[in-house]
Amino acid sequence: MTKSVTNGVTHGVTNGYKSLFRTPEFTPLFLTSAASVAAQTMAGLALGTLVYRATASPLLSAVSMFGPSLAQMVGATLLMSGADRLPPRATLAGISVALGAATAVLAAPGLPIWAVFVVVLAQGLVASLGGGVRWGLLNEVVAKGGFMLGRSVFNMMSGLVQISGYAVGGALLAVLSPGRVLLLAAVLHGTAALGLRLGLTARPPRASGRPSVTATWRANALLWSSRPRRYVLLALWIPNGLVVGCESLYVSYAPADAGTMFACAALGMFVGDVTVGRLLPRRVRGRLGVPLLVLLATPYAFFFLHPPLPLAAVAVTIASVGFGASLVQQERLMSLTPDELAGQALGLHSSGMLTMQGVSAALAGSVAQLTSPATAMTVMALVSLGVTAALAPGLWQTRERYGLRPTPQ
């Protein structure tokens, strides 16, 4: 009995994935996204290492890695209407070119630390538009109802690429300078831009009108006006953002083995995405949003004991399975959002999440500066658990509307 059930699940998973990759434009969007994730992963590790070697500061190292996220909310409040009002191919290719150029600037020898952070924040502002455009395009490319499967495949890809990127980045940093690793990341961004230009068709914008600050604020206000959507957005932004604050301290917690810890975290995220995104029935995964957020933070609550690397690696792997909660909340967000606002809703989620990651990295680095990286990880984990407990009642209430298409509000 067990064997037949397992074979049935495997057959369903395989057929589902095959249907996605037979969908026109899915494969080039997937491959160029993989190149972008690899570039960001390698660049983040190289830049964090460069800044830590120059300053010996956990705070500055953490902010240098996650600093682009701090600019995401600025983009979400000023630029996000472009997610539905700009042509996707040209916008995504332009973003990749700009990120590649900025990464090349970061590789310049002797660049002052203040200039590093100016470039990092500019990168975040440019990238703030990318999430809404990319996920809105994915929602358009896949068959109706296929967003969850497509998004889970992208999440799994992100996990695998991060595992490889951190492993390769760590190996490269053992033989090359951080500046040269940054240049390799810039080349990857350029490759992604070329793939987007050649692999995607020129689609028109999903919504009419010109992008503007007024349009962005109006749509954000509409999205925020729904109480169920507010709870889902907050769940997507805050608890996992605080845990990313723990991750931002890997370099200062284990300077020689940070790549290993990042790779283990990415492996856990991959396992969580496979399990939640494809193996669990919808009725089951709909109940797991809150428990997965609890799993995400709990192992870090014990880092005040300063576990050695093998135990720390196991802990971060188990914890990162909890990132699968994001898939549950994203599916719920799409069920609560009108189609014409899908791109902006996904962009608001992406930008808010990345902003919270940047804020949490700065907060975690500040606590580590005053105490220790291990203590700061514990503090961030406890705060994440507290936020999850506060959001849980509202998230349980939204289950009544889970899976239903809303009427526009």
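Q: Where is the place of Leu 305?
A: Leu 305 sits in the loop between helix 16 (289-297) and helix 17 (309-320). Helices here are DSSP runs (H or I, at least four residues), numbered from the N terminus. The model is predicted: local features need pLDDT of at least 70, side-chain atom pairs count only at pLDDT 80 or more, and totals for chains, interfaces and linings use all residues. Residues are numbered from 1 along each chain as its sequence is written, and side-chain values use heavy atoms, with hydrogens and water left out.

Q: Why is Leu 305 called exposed?
A: Its relative accessible area is 58%. Exposed means over 50%, buried under 20% and partly exposed in between (1.4 Å probe, protein chains only), so Leu 305 is exposed.

Q: What makes the nonpolar surface patch of about 350 Å²?
A: Phe 302, Phe 304 and Leu 305 make this patch. Patches take residues with over 30% relative accessible area and no salt bridge, and nonpolar side chains (Val, Leu, Ile, Met, Phe, Trp, Tyr) are joined within 5 Å. Leu 305, at 58%, is over that area limit.

Q: Why is the contact of Glu 25 with Arg 203 called a salt bridge?
A: The closest N and O atoms of Glu 25 and Arg 203 are 2.7 Å apart. A salt bridge is a side-chain nitrogen of Lys or Arg within 4 Å of a carboxyl oxygen of Asp or Glu, so the pair qualifies. Glu 25 lies in the loop between helix 1 (2-21) and helix 2, and Arg 203 in the loop between helix 10 (178-199) and helix 11 (213-224), so the bridge ties together parts 178 residues apart in sequence.

Q: What makes Glu 25, Glu 140 and Arg 203 a network?
A: Salt bridges link the three residues. Besides its bridge to Glu 25, Arg 203 meets Glu 140 at 3.3 Å, N to O. Glu 140 is in helix 8 (residues 130-141), 63 residues from Arg 203. A search of the whole structure finds two salt bridges.

Key:
Patch = residues over 30% accessible without salt bridge, like charges linked within 9 Å, V, L, I, M, F, W, Y side chains within 5 Å. Areas by Shrake-Rupley, 256 points an atom, 1.4 Å probe, with all protein chains shown as cover. Helix = DSSP H or I, 4+ residues; strand = E, 2+ residues; numbered from the N terminus.
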